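Look over the structure first.

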Amino acid sequence: MNTAEILMISGSMVPDRVACADPDDSCTYIELQSRVNKLAQALQSIGVGKGANVGIMSVNSTKFIELYYASASLGATFVPLNFRAKPDELQYMLDASDVNVLFVAERHWSIFEEIRGALPKIQHVYTLDFNRDGLQTYDQLRDSGADEMVFAEVDDNDPALVIYTSGTTALPKGVVLTHKTLTAYVINTQNRSEEHTSE
């Protein structure tokens with residue numbers, strides 16, 4: 001099961017319930033699905049699909065969630081990067097995870113510029129919350145896509161997410177989470193929640 005289908009199920013059951021929120025934005029499940037559709041279509045138009053790795057340098061936000069689901073729906077792997085990591089650690093993580101497309105928040109832009117020359121695998125860079133000459137913003141990219149669902153066929157053991165360890169004693173290590181692992185986590189969490197509610 002593609003984990004992006006979890007959002008589709010939630011959207012059909014509780015479309016008007018708030019799905020996610022941050023200090024600057026919030027959206028319902030149906031709104032989140034629309035945003036994810038557009039972003040997935042836009043990412044697909046630049047070649048993102050199975051085998052691609054989409055990175056983000058940012059704190060958690062609604063865009064963070066949108067980008068995960070859009071990546072998953074295309075069969076791509078989402079790679080969130082620790083915003084507290086040092087430049088050499090970020091360079092290592094980006095290179096080791098073969099990130100092709102990267103989204104960068106303003107607070108991390110100076111660090112990215114410091115290591116950008118050593119990251120030849122990155123083909124596309126987008127700004128998340130600020131404007132930069134010569135670069136397209138996240139909103140511009142997302143809004144260029146059509147509001148149409150797309151679900152790539154994935155194997156249960158295909159990677160959906162790579163999370164890096166803190167690297168306190170050595171370089172960070174990538175922990176791969178598959179579609180099967182994440183789906184099982186969601187189902188188990190839901191079951192525990194329902195058990196707690198029924199008590």
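H2 gives the most to the lining of the largest cavity, with four residues. Helices (H or I, at least four residues) and strands (E, at least two) are DSSP runs, numbered from the N terminus. This is a predicted model: local features need pLDDT of at least 70, side-chain atom pairs count only at pLDDT 80 or more, and totals for chains, interfaces and linings use all residues. Residues are numbered from 1 along each chain as its sequence is written, and side-chain values use heavy atoms, with hydrogens and water left out.

**The cavity**
- On a 1 Å grid over the protein atoms alone, a cavity is a set of points where a 1.4 Å probe fits but cannot get out, and lining residues have an atom within 4 Å of a point.
- The structure holds one cavity of 30 Å³ or more.
- The volume of the largest cavity is about 40 Å³; a volume is the space filled by probe spheres set on the points, which are joined across faces, edges and corners.
- Its lining includes Ala4, Leu7, Gln33 and Phe151.
- H1 and H2 are the elements that give two or more residues to this lining.
- The lining has seven nonpolar, three polar and no charged residues. Ala, Val, Leu, Ile, Met, Phe, Trp, Tyr, Cys and Pro count as nonpolar, Asp, Glu, Lys and Arg as charged, and the others, Gly among them, as polar.

**The largest pocket**
- A pocket is an open set of points with protein on both sides within 12 Å along at least five of seven lines.
- The largest pocket holds about 1200 Å³ of space.
- It is lined by 40 residues, and Ile6, Tyr68, Tyr69, Tyr185 and Val186 are the closest to its centre.
- H7 supplies the largest share of the lining, 10 residues.
- The lining divides into 27 nonpolar, 11 polar and two charged residues.

**The second largest pocket**
- This pocket has a volume of about 350 Å³.
- Of its 18 lining residues, Asp22, Asp24, Ser61, Lys63 and Asp129 are the closest to the centre.
- Its lining has four nonpolar, four polar and 10 charged residues.

**Helix H4**
- Glu89, Leu90, Met93 and Leu94 are the buried residues of H4 (residues 87-96); buried means under 20% relative accessible area, with a 1.4 Å probe and protein chains only.
- They lie on the same side of H4, because they cover an arc of only 130 degrees around the axis, taken from the directions from the helix axis to the C-beta atoms.
- These buried residues pack against S3, S4, S5, H5 and S7, where contact means heavy atoms within 4.5 Å.
- Just after H4, Asp98 takes a positive phi of about 55 degrees.

Terms used:
Buried means under 20% relative accessible area, exposed over 50%, partly exposed in between (1.4 Å probe, protein chains only).
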